[in-house]
Amino acid sequence: MGQGVAPLAQNAHPALTRFAAWEQDGSRLLLIRAAAGTGRRLFARSWVGGRRGEVHDWSGNHLDEVAELATLATRMHREADLHAAVILPPSAPLWDLASVAPFMLAEQHDLLLDAREIAQLAEPGRPIDPDQARAIHELCGGWLGAARILAAEPGAHARAQHLIRTGLAPWLRHHDPRGELSEAAFLPQLDAQTVEAFFGQVSPKVHVMEDLSRAGLVQADGSGGWMMPALVRQVLMERVGLLGRERIGALEQGAVDAMAETSGVGPALEAAVDGRRWPAILNLLLEKWVDMFMANPKHLAAVAAKVPRFVTGQTHYMRVGLRILGSAGKDGMVLHLPSLAPDYATDSTAQRLREDTERLYRTPSARALTIGMLEISHLRLAGLYEEAGGAAQRLREALSRGLDTQRLNPSLAALVEFHSGLTLHLAGCDAEAMRAYETGFRLAQASGKAFLVADVAGKLALFHALEGNGDSARRWLAEHEAAIAQVGWGRKMIAHTATLARAFLDMVDLRFGEAARELDGLPQTPGNDEFWSVHAYLLVMQSLQGGSPESARRLINAWRTERRYACAAPLADRLLDEALLLAEIIEAGGRTSRHAGARVHPALVAFGHLVGGEPDKALTMLRGQQDAPATRRWEGFALFLDVAARNPGEPGVQVLQQLEEQRGQRLDLVEIALLRMIPGWADVVGGLQLGPEELDRLETVAAPVRGTGTRRPVLTPREQEVLRQLRMGMSRREIAEAGFRSENTVKTQIRSLYRKLGATDVAQALEHARERGI
């Protein structure tokens with residue numbers, strides 16, 4: 001304590017010791033500007049103490065404070081031992097008073113007690129322990145009168161609040177005439193950044209924490225932060241409530257938005273739920289859910305689930321959103337495939353979402369785009385894939401207008417394009433899907449979110465793999481791999497699509513071992529993700545490669561029964577139709593009639609006719625390619641089939657040259673393997689410039705004997721080598737010397753080869769091998 005302060009009496013104001021710790025020595029004049037109820041008279045008397053002095057209360061009189069202070073200063077100049085403490089009104093002009101005489105100033109926050117000082121209010125027989133003192137402090141914030149009431153009677157909240165109200169009302173009339181500082185009562189969290197963000201949204205003037213502290217509305221919480229006492233908050237809420245419900249709604253929203261900006265969406269939602277600010281919660285969920293979804297959708301779902309049903313029930317799109325969030329699992333979204341017959345005309349949720357989006361898209365805000373995403377998600381989950389594709393087109397158009405007219409979150413914009421691309425892809429709108437995916441990738445890069453970059457890149461890789469663009473698919477896989485390492489939640493979900501893309505590329509390149517390893521990392525049966533049909537397709541292709549078309553057909557038929565409505569998605573329908581047609585061609589030796597859906601590319605039907613020895617029918621199908629599905633997967637294959645149909649029988653030198661010239665036009669090894677099934681084309685690989693490794697992969701493909709339904713035998717690598725050497729006219733001894741093994745070993749291998757081919761000599765073995773496409 002400074003030397004100019006008298007020793008404190010036992011009943012002195014508890015805050016004086018703290019105030020006096022920084023008082024200048026020799027101070028004889030103290031001006032007090034604080035609200036009634038803070039113990040300002042006691043503070044004044046305590047400061048004077050046992051010294052010769054006076055206490056003046058000018059707070060309730062209409063005086064000229066400057067003139068009065070000049071008179072008092074003159075007296076003090078004559079009387080060198082006189083001390084004076086003056087209680088000023090809230091409107092006192094401090095700058096003018098400072099020009100009259102030097103003084104110490106005690107303001108509102110100087111008089112408000114901390115928890116340690118509240119403990120000093122204990123009366124004999126009524127001790128106040130530290131926990132009780134902290135509780136009183138959190139309630140009244142150290143207003144002396146209120147603290148005394150609560151110390152004597154802990155449940156007397158109403159009396160304590162009335163005392164604070166009585167003191168704050170005239171005080172704020174001068175310190176907060178427009179009520180702006182009072183609006184900080186809507187902030188559940190008080191820190192410098194959040195306070196500035198809040199006032200930046202709701203007030204023409206950006207107030208800072210020091211403004212609230214000087215007004216005595218906030219205090220240090222004892223742990224380095226700030227707090228607004230509960231009873232003070234209630235008094236301020238009453239004051240702001242006079243402004244009307246519309247203003248209160250804007251303040252609740254501003255408080256939640258400010259917290260989301262400075263602390264994140266999760267804490268903002270938690271605080272809003274605790275404060276039961278339901279409209280603000282709904283708006284935040286609609287407009288700022290993207291970042292939290294990418295970080296931890298399970299947390300988002302848990303918070304959203306706390307919103308009462310009577311609130312979410314008011315908006316059907318919230319019901320859809322909560323249902324989707326409820327699908328968040330540990331590693332990704334666990335969605336449910338449609339189980340009821342889809343009917344757009346009777347789907348009331350779909351109809352209302354359409355009405356909402358048509359209205360909101362006139363001024364496409366973040367809220368409008370979010371509801372648009374809910375619309376396409378609902379339509380997909382309901383099995384309304386084509387309607388979802390149309391809704392995705394409308395959503396993309398709205399996003400384009402929104403990006404032109406306002407500032408949108410890049411993450412939200414990327415997610416809109418990504419989900420639109422996914423929806424269009426499932427709906428069979430491949431060209432539009434690719435544009436949406438590519439735009440989504442650019443926006444994802446701009447957002448800096450690895451989650452989005454990895455996810456969109458994986459979807460693009462799968463898209464190009466399914467389209468037959470292997471080089472493009474591998475480039476997108478590289479983009480995916482570069483980003484996936486930075487992803488936390490959802491990594492397994494995002495990686496799933498890229499795994500399917502790699503397995504598909506391996507399958508068409510006849511890298512069956514690699515494809516099997518990729519598939520081994522996935523569930524044994526397709527899950528419920530959007531691209532389950534790609535997984536199903538790969539499993540069917542695996543069965544066909546293993547020489548089991550019957551098993552492949554059974555799988556497809558089972559899925560079409562179990563996933564009846566999900567199979568109606570154009571992408572799923574096309575893939576399963578293609579797989580089923582290939583299984584039937586392989587099993588029946590070219591009879592293609594039982595199943596050739598409308599989405600199957602004509603090239604596959606033409607292939608079936610060629611395998612069955614009907615080139616004229618094949619040409620007819622190939623001429624109808626202008627009506628083919630949008631996929632470009634089989635375009636290169638169709639060119640080769642056209643050559644084969646026009647040159648029935650074994651291809652000559654000129655035909656082989658033509659094929660080699662055309663091979664650069666997207667012909668995968670799996671398609672070359674299929675060409676070998678056409679009568680007379682078993683040796684087509686001899687006319688193509690394939691490397692040894694490609695030839696080895698082609699030799700591993702199992703194929704049936706044409707027209708018999710029996711499968712060709714699978715030869716070991718040694719048997720394949722011996723067969724090639726026999727074709728070259730090498731003798732048993734020459735084969736043994738070339739392979740550095742004994743003639744007896746070669747003899748055993750030749751016998752095994754004859755047995756598998758059903759042959760008794762070299763000529764017959766070579767003939768049977770040619771017929772079986774080996």
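This report describes the fold, the sheet and the nonpolar cores of a predicted model.

## Basis

In this predicted model, local features need pLDDT of at least 70 and side-chain atom pairs count only at pLDDT 80 or more, while totals for chains, interfaces and linings use all residues. Residues are numbered from 1 along each chain as its sequence is written, and side-chain values use heavy atoms, with hydrogens and water left out.

## The chain

The chain has 41 helices and 6 strands; these are DSSP runs, of H or I with at least four residues for helices and of E with at least two for strands, numbered from the N terminus. Of its 774 residues, 55% are buried, meaning under 20% relative accessible area with a 1.4 Å probe, protein chains only.

Contact means heavy atoms within 4.5 Å. Among contacts between residues at least 6 apart in sequence, 66% join residues at least 24 apart.

## The sheet

Four strands form an open sheet in the order β2-β3-β1-β4, with parallel pairing; two strands pair if DSSP finds at least two bridges between them. At the edges are β2 (53-57) and β4 (104-107), each pairing on one side only.

Strand β3 (residues 83-87) runs parallel to β2 and is joined to it by 5 bridges. Val 55 stands opposite Ala 85 in β3.

## The cores

A nonpolar core is a set of buried Ala, Val, Leu, Ile, Met, Phe, Trp, Tyr and Cys residues joined through side-chain atoms within 4.5 Å. The largest has 138 residues, and Phe 607 is one of those with the most contacts inside it. Helix α25 (residues 450-467) gives the most to this core, 13 residues. A second, separate core of 65 residues includes Leu 30 and Phe 198.

Technical notes: Buried < 20%, exposed > 50% of the residue type's maximum accessible area, 1.4 Å probe, protein only.
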